[in-house]
Amino acid sequence: MDKVHVMITPKETALVRGVASEVYSVYCPAGEAGEITKDDLYHYGIIGLLEAKQKYDRSKGVPWLAFAAYRVRGAMLDQFRKQPMIRLPQARQKKVKELKEARMDFLRNGVKADSEMLAGRLKWSVEEVHRVSSMTPSLMPVDADRREGEEGARFRGVVLTGDGDDPETAALKDEMAALVNRCLEALPSPQDRLVIVSRVLEGLKLREVAETLGCSLENVRQWQKRVEKMMKVRMESHGWSMD
Amino acid sequence: MDTANKLVSSLEIWKEVYSNRIAGDGEIGDHLPMEDLYNMAGPGGIEKADDKALNHLSLCPICLEEWASWFSAQRAVDELDRPGSSEDEPIPAMTYGMREAAATAKPDEPINIRSSCGRFIFGLLPQLDNPEKGMVTLEAVAGGDMAVEGRYVTVRDRNGLMVLEGRLRHGRLARTCEKLSEIDLTTWTLVVDGKKE
C-alpha cells in the first residue's frame, strides 16, 4: 500500500459499520458472548476499505461506495475463513474454555469485559488474553448466508467443509455434485438455473432477483417453484429421493 | 429432511465440489470480470447480459458467489441513504495509521505515529534496559477535543491483535506491554466507540 494517508469519510465509516452489522448478525449467532466482536469486524473492515482505496479503478464503471462495500465485506468474511476449523490441542482448548467462561461470567452480570478485566480475573497477562482469543475456533460456515428473516428462507445448520472428508464421503459428494451439475445443465435456460441458485443457494431476495431479471415478484415466485419441481423430477429420475 | 432442505444441501455440495474443481482447472472457461458481475447484479442486469456470460454465471459457483456479493454491497450502499436506517447506537469513529517502512526505528527507540485523521498519536515506548517490554500509548492531540474524552477506544495492529483498549482519560490511554516486538504497525486501526460514558 502506498503511504499516502487518505481520510476515512463519515459515509465510509457508516458503510463499514453497516456491513459489520450485517455480517455480525449472520455469522455471529452467539452475539456478545461470541468470540468475534463488532470491533473486530470494524478493524477488518477498515483494512478492507484501505485496500479498496488502493485498488479502486474508476474506469471499470463500478461506483466507489459499492466497490468499497464489496471489498469491506470480503475482508470481514476472509477473517471467518481464516478461523481454525481444527480441534485445538487439549491444553489450548482448556485456555479457550477458561476465557470463554470468564467472559460469560462478566456478561451474566451485565458487563462486557475488556481484555484487562479478563486478564485480571484469570490472572493472565493482557497479551495472553489476546493470544487465546485469537486461537478460538469458529464452526460457523462462511457460506451460511442471509437465510433468516426472508420470505421462504431456510436456515442451513450444516457445516460443509472439504477438509477432512473421509474417502467415502468425498466420493459421495463428488457423485452428488456431478448429478446436480447434470440436472442444472439440463434445465431449459441459464435464467432457469439462475433463479434457483440465486434464491436457494445464494439466498438473494425475491425483489433483487425480480429486478435483475426484469420481471415481477410473483413471476419469480412461480418461476422458482417451477424450476424446483424440474430439479426434483430430474434428481429423482437419477435415483435420488427428494422427499 | 424435506424436499426443500434436500435441494439446498444438494446445491451446497455442488457449490463446494465445483468451486474447488473450477478453481483448479478452469473447466468452464474464464471467470467473468468484476464489472460484468456488478452490472449483472443491477436492475435488468440479467435481462441485458449476453448468453455466453449467463451460461457461465449459472454454472460457475465462484462467479455466482461474487455476483451475489454485489447484491450485498448494493444493499449496504442503499442502506446509507435510507432515512431512519441508522441503528440506535451512534456511529463509531474509525481511523488508522501506518508505520513508514523508512522510519523503522531501533528496537529501543520510541515510536510515535499520527493517525490519518491527525487527531491521535499512537506510541510505543520501550524500556531502555529491556526493549521487548514497554508502554503502549494513545494520545488525542487536538487540544480541548472533548468529543473523544471518556470514549472507549480500541487499537489493533495489522494482524488484528488488540494492542490497546480502554477509555480515554484526559485525552490519553496507556498500558504496559510485555512483547512490543509482536506488534505489527505497518497499518494499525483505531475505533472510538460512539457512546459516551
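1. Basis. Residues are numbered from 1 along each chain as its sequence is written, and chains are lettered from A and ligands numbered from 1 in the order in which they are written. In this predicted model, local features need pLDDT of at least 70 and side-chain atom pairs count only at pLDDT 80 or more, while totals for chains, interfaces and linings use all residues.

2. Interface. Chain B places 70 residues in contact with 73 residues of chain A (C-beta atoms, placed from the backbone, within 7 Å). Helix H1 (residues 3-25) of chain B supplies the largest share of its side, 17 residues (helices are DSSP runs of H or I, at least four residues, numbered from the N terminus). That side of chain B has 35 nonpolar, 20 polar and 15 charged residues (nonpolar: Ala, Val, Leu, Ile, Met, Phe, Trp, Tyr, Cys and Pro; charged: Asp, Glu, Lys and Arg; polar: the others, Gly among them).

3. Domains. Chain A splits into domain 1 (10-82), domain 2 (90-134) and domain 3 (167-237), with bounds from an automatic or database domain assignment. Between the C-alpha centres of domains 1 and 3 of chain A there are 29 Å.

4. Helix pair. In chain A, helix H2 (residues 38-55) packs on helix H3 (residues 64-82) at about 130°, the axes 8 Å apart (lines fitted to C-alpha atoms over the stretch in contact; angles run from 0 to 180 degrees between N-to-C directions).

5. H2(A) contributes, among them, A:Leu41, A:Tyr44 and A:Glu51, and H3(A) contributes residues including A:Phe67, A:Arg71 and A:Met76. By class, the contact has 10 nonpolar, 4 polar and 2 charged residues.

Key: Two residues are in contact if their C-beta atoms, placed from the backbone, lie within 7 Å. Helices (H or I, at least four residues) and strands (E, at least two) are DSSP runs, numbered from the N terminus.
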